[in-house]
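Hi everyone, thanks for coming.

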Amino acid sequence: MLHDPREIARVLQSLADAGALISASIVPGGLPCPTALLDVDRDGNVLIDGNHQETVNQRIASAHYLACVSQLDRVRIQFRLQGLVRVDNDGRVAFAAAAPESLLKLQRRELYRLQLVPGPVVTVELPATGELDAPLQVRVLDLSGGGLALSVRDDDQSRFASRRRLEGCQLRLPDTGPLAVDLEVCHLSQHEPLAGGTLRAGCRFLALSPHAEKQILQYIFRVERQRNARERRAV
């Protein structure tokens, strides 16, 4: 979910540049009205194409909002447009709207993610970052070949700012020696208290070595096989 106006404007501009079709629905009512982005300014304010049916244009003008769905590079994009104002665009009906307050990007996960809580204890140790910071060990909530999620305490939140690179970390899997990994924090969100923390830091691996990737995937497959075997015995 994007909230930064500059990031939202960049995504909308990419949709406009690609000529992507916008599958819009009028709310209330849910009436479909396909459209396209005609223009996006630096602040993310948009101009969208009107409809060839005047009755539909009237519904758009009186709508609470338009629920918009599109796709860019196989990534699903969702946002709402509110306060639509009818304008003339070189003799054609169009609608101007303020930039959406938020925008959702949904991408199908390519790598299987193994949930670890409750379950096996896997940890990541972050190196000390300064004179006052000691090495920090945090528990892994889930793990995939592309990244992991960490359970973070409120007191350690400052070390997990979005886009921050965490270099020189040690990933510790059961029955395996420490694996050197570099991480980048993708998001930090509130989470139900698990594994000693109330925050969830989603991270991706940076330039993961073939050896580390092999060890991680083998561990995921091994735990999944063990879980499946236990479930079959329970049945």
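Let me start with a term: a residue counts as buried when its relative accessible area is under 20%. Keep in mind that what you see is a predicted model.

With that cut-off, C33 is buried, because its relative accessible area is 2%. C68 also counts as buried, at 2% relative accessibility.

C33 takes part in no disulfide, and the nearest cysteine sulfur, which belongs to C68, is 7.6 Å away. For a disulfide, the two sulfurs would have to be within 2.5 Å.

Now to the charged pairs. Side chains of opposite charge can pair when their charged atoms come close. How many salt bridges does the structure hold? There are nine, and I'll walk you through some of them.

One of them joins the side chains of D4 and R6, at 3.3 Å from N to O. Here D4 is partly exposed, with a relative accessible area of 25%, while R6 is exposed, at 58%.

Another salt bridge links D49 and R92, whose closest N and O atoms are 3.5 Å apart. D49 lies in strand β4 and R92 in strand β8, so this pair ties together parts that are 43 residues apart in sequence.

Finally, R165 and E167 meet through their side chains in a salt bridge, 3.4 Å from N to O. E167 is partly exposed, with 47% relative accessible area.

Thanks, and I'm happy to take questions!

How values were computed:
Residues numbered from 1 in each chain as written. Predicted model: local features only at pLDDT ≥ 70, side-chain atom pairs only at ≥ 80, totals over all residues. Heavy atoms only, no water. Buried < 20%, exposed > 50% of the residue type's maximum accessible area, 1.4 Å probe, protein only. Salt bridge = Lys/Arg side-chain N within 4 Å of Asp/Glu carboxyl O. Helix = DSSP H or I, 4+ residues; strand = E, 2+ residues; numbered from the N terminus.
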